[in-house]
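This briefing goes through a single structure topic by topic, with the sequence and the coordinates to hand. Please read each group of points alongside the structure shown here.

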Amino acid sequence: MNRVFNFSAGPGVMPEPVLERAAVEMSSWRGRGLSVMEMSHRSDEFIEIAQHAEARLRALLAIPSNYRVLFLQGGATLQFAMVPINLRRAGASVDYLDTGQWSRKAIDEARKSGPVNVVASSADTKFTSIPARAGWRCDPAASYLHYTSNETIGGVQFHHVPDSGQVPLVCDMSSDILSKPLDVARFGVIYAGAQKNIGPAGVTVVIVRDDLLGRADPSTPAMLDYAVQAQSESMFNTPPTWAIYIAGLVFDWLEALGGLAEIERRNRDKAMLLYELFDATEFYRCPVAVEDRSLMNVPFTLGDAKLDPLFLDEAQALGMQQLKGHRSVGGMRASLYNAMPRAGVEALVQFMREFERRHG
Ligand SMILES: *Cc1c(COP(=O)(O)O)cnc(C)c1O
């Protein structure tokens, strides 16, 4: 198999051992004579697959027993709506931190159901930093405080969990969940679309503290109610069975390589290869404040933007794909999710050095 190095921001690179195992099991899962995607979601086989996925996720993140794990659909984008629908108390305000395009989208959706207090924004730095905690104007009566732990487009990441006092903390972790150990007990709700660090698009993981269930208005559509989804063990309707199965294989892979402490060590090591390059040259520039730089998504620009198409073409010819930056930021973006091998980043850095020698 001749695989490219895929630096896509999402859907992102998958671990090769997972793809290989899925290929072996594709048409006959464990000798049962049928594929996972052909199984009834109520069958003993699939229930075992779903329970396995949840158990492995619980073990990886050390999820306390008073949290429910839901496997839903609709992506992180549906969670932008479901969070306020489920957690906003009647008439109350909700707090949001504005650190980039994904938190903006969450804010826009929350505004549809009532008042939103933006506690702080990094718009004035073009979203290249995280506003200092001391300057956040939090509302102690807010139903929750929402933030985005890793801004996939801007390349800005929280390297600590912010303090929200008694107010439940809600986090969109779509692009950095499972990239490092996490203290789940600090949160009310964690959610993440799967297609960056978990598995195929189509499943969304929601981890919710059980005292936050059952707050949705009775008029809420059943599919959008966390309590209904928890009550039915994420099988209120047909769940995304294939995506849940692959997610379970990804969790197995993470566990086998040493869990979240080891993947964090690897992620830091990979990202530093790139960040050290930026510090050693004027030719490449990363716009993000050093202390807020993401280990998952690394945006950078070339000294001369006219060279961008040539850079991308040459990288592509060497088997490095999807390096074009988001249209709103320009330049390049290298996404280094869990499944990106160190060899991919080494190849990129070597190419960048060599490109600079010819054009710098
Ligand atoms: C990709 C992404 C989303 C959107 O996810 P969908 O599954 O497409 O809805 C939301 N938030 C963050 C941080 C993301 O990286």
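In which loop is Lys126 found? In this predicted model, Lys126 sits in the loop that runs between β4 (116–121) and β5 (145–148).

**Backbone geometry in loops**

- Lys126 is not a glycine, and yet its phi is positive, at about 55°; with a relative accessibility of 72%, where over 50% is the cut-off for exposed, Lys126 counts as exposed.
- Leu178, in the loop between β8 (169–172) and β9, is likewise a residue other than glycine with a positive phi, in this case near 65°.
- Is Leu178 buried or exposed? Its relative accessibility is 1%, and because the cut-off for buried is under 20%, Leu178 counts as buried.
- The peptide bond that leads from Gly10 to Pro11 is cis, with omega near -15°, and Pro11 itself belongs to the loop between β1 (5–6) and α1 (16–25).

**The ligand and its surroundings**

- There are 13 residues around the ligand, and those that come nearest are Thr77, Thr152, Asp172, Gln195 and Lys196.
- Sorted by class, the shell around the ligand is made up of 8 polar, 3 nonpolar and 2 charged residues.
- Which helix gives the most residues to this shell? Helix α3 (residues 75–87) does, with 4 residues.
- An N or O atom in the side chain of Thr152 is 2.4 Å from an oxygen atom of the ligand, while for the side chain of Thr77 the corresponding distance to a ligand oxygen is 2.5 Å.
- Lys196 also takes part, with a polar side-chain atom that lies 2.7 Å from an oxygen atom of the ligand; the ligand, which exposes 390 Å² when taken alone, has 86% of that area buried by the protein.

**Asn197 and its contacts**

- Asn197 has its place in the loop between β9 (189–193) and β10 (204–209), and with a relative accessible area of 5% this residue is buried.
- The side chain of Asn197 makes polar contacts with backbone atoms: it reaches the backbone oxygen of Ile177 at 3.1 Å, and one of its polar atoms lies 3.0 Å from the backbone nitrogen of Asn338.
- Beyond its neighbours within four places in sequence, Asn197 is in contact with a set of residues that includes Ser174, Ser175, Asp176, Leu178, Val250, Met296 and Tyr337.

- How far apart are the end C-alpha atoms of helix α6 (residues 241–256)? They are 23 Å apart, which agrees with the 22 Å that its 16 residues should span at 1.5 Å a residue, because the expected span uses one less than the number of residues.
- Of the 16 residues of α6, 13 are buried, so this helix is largely enclosed by the rest of the structure.
- Gly258, which follows α6, has a positive phi near 120°.
- Ala81 is found in helix α3 and is buried, with a relative accessible area of 15%.

Key:
Residues are numbered from 1 along each chain as its sequence is written. This is a predicted model: local features need pLDDT of at least 70, side-chain atom pairs count only at pLDDT 80 or more; totals for chains, interfaces and linings use all residues. Side-chain values use heavy atoms; hydrogens and water are left out. A residue is near a molecule or strand if one of its heavy atoms lies within 4 Å of it. A polar contact is a pair of N or O atoms within 3.5 Å; within protein, one must be able to donate a hydrogen and the other to accept it, and residues adjacent in sequence count only if both atoms are side-chain atoms. Accessible areas come from the Shrake-Rupley method with a 1.4 Å probe; for residues, only the protein chains shown count as cover. Helices (H or I, at least four residues) and strands (E, at least two) are DSSP runs, numbered from the N terminus. Ala, Val, Leu, Ile, Met, Phe, Trp, Tyr, Cys and Pro count as nonpolar, Asp, Glu, Lys and Arg as charged, and the others, Gly among them, as polar. Buried means under 20% relative accessible area, exposed over 50%, partly exposed in between (1.4 Å probe, protein chains only). Contact means heavy atoms within 4.5 Å.
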